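Please find below a short note on the model under review. It is arranged as numbered points for a reader new to structural work.

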Amino acid sequence: MNQTSIFWPVMALVGWTLAVLLLIPYQRFKAVFAGQVTAGDFKHGESSNVPLVVSIPNRTFMNLLEVPVLFYVVCLVSYVTQNVTAGMVMLGWTYFGFRVAHSLVYLTYNHAVHRFLAFAASNVALVIMWAGLLLALAK
């Protein structure tokens, strides 16, 4: 197994995270130019005047910086310890897919149950990745 193949889902998630990051200034400037908010509404984060359509991209971005740190670490440790397997790469792509699904639900119709299911499924994939690495390291 090519050990560097674990970095493809990593790079995909980084790319997705950066794409979501671009939504933040887009929505903020759009709201300012539409007169919905002022620059002062962002002085200390986001005031209560900020519409959800403006604040949700920021919250989605924060979500992509929280638990995914554990994904990046498990991928890096798998690579460094030469424990990248086809299963690990498949789980990496699965994790990426569910994180994208979670973000898309949040950014579009924002159904809490659908969002939770995508979030939970991504975390199951992540736990399996960590368990697989633990078992490989224990050998």
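The points below proceed from the basis of the model to the whole chain and then to single residues.

1. The model is predicted: local features need pLDDT of at least 70, side-chain atom pairs count only at pLDDT 80 or more, and totals for chains, interfaces and linings use all residues. Residues are numbered from 1 along each chain as its sequence is written, and side-chain values use heavy atoms, with hydrogens and water left out.

2. The protein chain contains five helices and zero strands, where helices (H or I, at least four residues) and strands (E, at least two) are DSSP runs numbered from the N terminus. The C-alpha atoms fill a box of roughly 60 × 30 × 20 Å along the principal axes.

3. Of the 139 residues in the protein chain, 37% are buried. Buried means under 20% relative accessible area, exposed over 50%, and partly exposed in between (1.4 Å probe, protein chains only).

4. Asn58 lies in helix 2 (residues 52-63). Asn58 counts as buried because its relative accessibility is 18%. Apart from neighbours within four places in sequence, Asn58 is in contact (heavy atoms within 4.5 Å) with Ile24, Arg28 and Glu46.

5. Most residues other than glycine have a negative phi. Gln82, however, has a positive phi of about 60° and is not a glycine; Gln82 sits in the loop between helix 3 (68-80) and helix 4 (86-107).

6. Asn110, also not a glycine, has a positive phi near 50°. Asn110 belongs to the loop between helix 4 and helix 5 (112-138). Because its relative accessibility is 27%, Asn110 counts as partly exposed.
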